[in-house]
Amino acid sequence: MEYLRKISQLKVFRHSYKDPLDFYNHVLVMPNHVASITGLDVLKTDYKKSSFNFVGLILVILLFFYVTFFTVYEMRHHVEDLIYCLVTIGICLQVVMKIYTHLYYRDNLLWIQEYTKELFQEETAAHKAVLMGYIEVLNVIAKAVLLAYGSCSCTMLTVPIVFTLLSGHKTLTFGFWLPFIDRFSWHGWILNMVMQIVMSIVIVSEDIGLDIIYFMTVMCSVMQIDLLKAKLQNVNAKMEKGETDITEELNDIFKRHYEHMEFVRIVEKVYRSYFFVLFSTLGTSLVLVLYAIVTVCSHILHWNSKINVFNFQLSWIAGYGSAVFITYQLFVFCLLPTLLGTKKEELQREIYDISWYTWTIQNQKVLRFMLEAAQQPNCFSMIFYPLSMPTFTEVIRTIYSILALLLTFRSD
């Protein structure tokens, strides 16, 4: 967090906004605009599923499954090429689940945004510095995600094109192609590359928009805890100065904490099924892509010619890019809930450190109820398993074990 706050001071992230709510609305515009490319600007009040862009998104997904299953059938006797094609299926299944989640739970997402905006409006006068600090972090995250996703996608698309033009050996980015078209002819290669570029733009646009909305939602839940800590510190400072009339402030803190727990419960309800599909499909895809990369490297040891070996490596640029992207997604979707859990522990310590023994019995009861509520499990999960960095470590360990098992069977 502190590192992101330092980055937000760079010239590229500077802003002229004075009101936190105006700044938040400005940051929220970007992911919604990017998501509108695929017709998934679900935070618009007049959103319609029948838009031209959304229909185009559905057609692209249907085309993807059609050409993928055709390619799988064609490559059923070639293990490496088959794996190369299957890798992208897991990513697309995750995309489909993301679309379903944001459409099915759209009302909940709208409530999340409305509550966040009301919170900014009500808390600006007393905690403007805390709010502006978090929105500056959100601004950094949104622009960094846009740059990272865009550059990764451009690299995966341009490297095979450049290599094809330089060497004359036709290489596609992904391991699927249009049926009944010779992909080794220039006409067929161009058609297949155009199809893969269009699909990449659609998928990346959907990922950028909806992922940034999720990141902003989680960071807003973290921000709520910092607001509670600031309120508790103000109450404690009043008591140390000899002021005893804190009932109103304490009741407000208790109310805000209850709203925070409800906020986290709704976010968890919206995303838990998506997290389950994400970790299941992307975990499987990562096993496949790592297995394919390892087996390709073992083939490279058999030297034929410089051009052929170089082409064989470059043909897997999408595999390397997919491995990095999948690992990033698994990591970041565990990191943010861990940050929320860390903040919850800080809140518990803040409550415990208050000089509660000087308070009235009634105020002590309110604080005790709040401490008990803060100690209850209230975190993000993938239905039946919590999301945290230990979960990420366990997932990576499982992926490594399965990969080692597959390589053992292959050597035998």
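A residue is called buried when its relative accessible area is under 20%, exposed when over 50%, and partly exposed in between (1.4 Å probe, protein chains only). The model is predicted, so local features need pLDDT of at least 70 and side-chain atom pairs count only at pLDDT 80 or more, whereas totals for chains, interfaces and linings use all residues. Residues are numbered from 1 along each chain as its sequence is written, and side-chain values use heavy atoms, with hydrogens and water left out.

Val-55 is partly exposed because its relative accessibility is 40%. Val-55 belongs to helix H3, residues 52-74 (helices are DSSP runs, H or I, of at least four residues, numbered from the N terminus). Val-96, in helix H4 (residues 79-104), is likewise partly exposed, at 32% relative accessibility. Leaving aside residues up to four places away in sequence, Val-96 touches Ile-61 and Phe-65, where contact means heavy atoms within 4.5 Å.

Charged pairs come next. A salt bridge places a side-chain nitrogen of Lys or Arg within 4 Å of a carboxyl oxygen of Asp or Glu, and the whole structure holds 16 of them. One of these joins Lys-343 to Asp-226, with the closest N and O atoms 3.2 Å apart. This pair links helix H9 (residues 317-353), which holds Lys-343, to helix H6 (residues 186-240), which holds Asp-226, across 117 residues. Both partners, Lys-343 and Asp-226, are buried.

Glu-346 pairs with Lys-229, their closest N and O atoms being 2.8 Å apart. Because Glu-346 lies in helix H9 and Lys-229 in helix H6, this bridge ties together parts 117 residues apart in sequence. Lys-343 also forms a salt bridge with Glu-346, at 3.5 Å between the closest N and O atoms.

Key
Helices (H or I, at least four residues) and strands (E, at least two) are DSSP runs, numbered from the N terminus.
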